[in-house]
Amino acid sequence: MPLLQSIVHRLDPSLDGERLTVTAAPASTPAAHDDPVMASLVNSLNDTYNTKAKGWGRFAEQGEQAGPLVAWLRAYMAEEQDFTQLSIAIAERLAQTLQEQLSVSGYLVFAHLRQGDTETLFLGLVHQREGIGINAEHQAVPAAQLNTSQLTLAARVNLTQWQSDSESAQYVSFLKDRGGKKLADGLIALLGMEEGIDAPAETRTLLKAFSDYVEKEDYDDEASREKTDNLVDYANEQLRRGEPMTLEELSGLVDEKQPKAFYDHIRNADYGLSPEIPPDKRTISQFRRFTGRAGGVSISFDSHLLGSSIEYDENQDRLIIKQVPKQLKEQLAKRKE
């Protein structure tokens, strides 16, 4: 992922411990080919960010939620101010927004990246931890390291989607950890955004739509597994890229012979899904389908139901279904009449 611009500022509590202060770097660092270490750092942070639970939305156009970030970004993209000025302005506003959250001190990493035709702005707060290294004399010495696998505060703006002015695009994302609500609220205020799509809920609805589609089409075991793998692989690839899943694109991957079939199923059944859905890693990782067919019995269910709606007794070799589908119950009831 080419690194166009990057810079690191320091965020610390003031000496009196009453507010956060910014120690700014003098200038941004060179591009990735001139600074491979910085490029490696930013890529590591991006990889970590992609695995975390996030909130999604877009910039608020007006009202109390709207902030100055949009104007700053426009000036930067129009080359009316440089990356250093942009990052310092954001860092100072973040310090003001989180002035009572003195535990968020660390290094603020800003990066402008390009992947293919997509440009993004990333910011993340990284903590330094003490470690041990080996010096030239082969002796153990203290060695400070940045903890790139742990992010408590980070956000990303898809600049390309933002500039496309698409009404459905959710081009702003931010870390939304359950234990860090105040930090998440601070990021929303900093970004001047309106939170939109609930990624876990939308992903669960999409998987439900997929399960209904597979059941309706009555695919055999091999085809069911193949289509499930296609969905999961696509979702994971979009997670890696930091981009949302597109229903039309996913539909083509689910059924290459009928590329519009899954998309039409979603629209006709009115699941209420957005055209673009940010994938939720935790929900996707729990989704696989178990299928089996023997002796006139065909069973297929989502793996995340095992242990809740469905139980497997290995000793008795029994599968217990706690919530029988409505359509099946109606058929069984008619059979008794």
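A charge sits over a ring if NZ of Lys or CZ of Arg is within 6 Å of the ring centre and within 35 degrees of the ring normal. Everything below comes from a predicted model, where local features need pLDDT of at least 70, side-chain atom pairs count only at pLDDT 80 or more, and totals for chains, interfaces and linings use all residues. Residues are numbered from 1 along each chain as its sequence is written, and side-chain values use heavy atoms, with hydrogens and water left out.

**View 1. Two charges over rings.** Here arginine 10 lies over the face of tyrosine 107, at 4.5 Å from the ring centre. Lysine 260 has its charged end over the ring of tyrosine 263, 5.5 Å from the centre.

**View 2. Tyrosine 49 meets phenylalanine 122.** Rings of Phe, Tyr and Trp (its six-membered ring) pair if their centres lie within 6.5 Å; planes under 30 degrees apart count as stacked, over 60 as edge-to-face and the rest as tilted. The structure has six aromatic pairs. In the one shown, tyrosine 49 and phenylalanine 122 have ring centres 5.7 Å apart and planes at 85°, so we call the pair edge-to-face. Tyrosine 49 belongs to helix H1 (residues 36–50) and phenylalanine 122 to strand S5 (residues 118–126), so this pair links distant parts of the chain, 73 residues apart. Helices (H or I, at least four residues) and strands (E, at least two) are DSSP runs, numbered from the N terminus. Tyrosine 49 is buried at 0% relative accessible area, and so is phenylalanine 122, also at 0%; buried means under 20%, exposed over 50%, partly exposed in between (1.4 Å probe, protein chains only).

**View 3. Phenylalanine 210 and phenylalanine 262.** These two rings have their centres 6.0 Å apart and their planes at 90°, so this is an edge-to-face pair. Phenylalanine 210 sits in helix H6 (residues 199–217) and phenylalanine 262 in helix H9 (residues 261–269), so the pair ties together parts 52 residues apart in sequence. Phenylalanine 210 is buried, at 0% relative accessible area, and phenylalanine 262 is buried at 0% too.

**View 4. Leucine 73 and the largest nonpolar core.** A nonpolar core is a set of buried Ala, Val, Leu, Ile, Met, Phe, Trp, Tyr and Cys residues joined through side-chain atoms within 4.5 Å. The largest one has 39 residues, and Phe59 and Leu73 have the most contacts inside it. Leaving aside residues up to four places away in sequence, leucine 73 touches Phe59, Leu86, Leu121, Val157, Leu159 and Trp162, where contact means heavy atoms within 4.5 Å. In helix H2 (residues 69–77), Leu73 is among the buried residues, along with Leu69, Val70, Ala75 and Tyr76. After H2 comes glutamate 79, with a positive phi near 60°.

**View 5. Strand S9, covered on both faces.** In S9 (residues 172–175), Val172 and Phe174 are buried on one side, and Ser173 and Leu175 are buried on the other. S9 runs antiparallel to strand S3 (residues 54–59), with four bridges joining them; two strands pair if DSSP finds at least two bridges between them. Serine 173 is the bridge partner of tryptophan 56. Strand S8 (residues 154–158) is also antiparallel to S9, through three bridges, with valine 157 opposite valine 172.

**View 6. Threonine 120 and its surroundings.** This residue lies in strand S5 and is buried, with 13% relative accessible area. Beyond residues up to four places away in sequence, threonine 120 touches Ala111, His112, Leu113, Arg156, Val157, Asn158 and Leu159.
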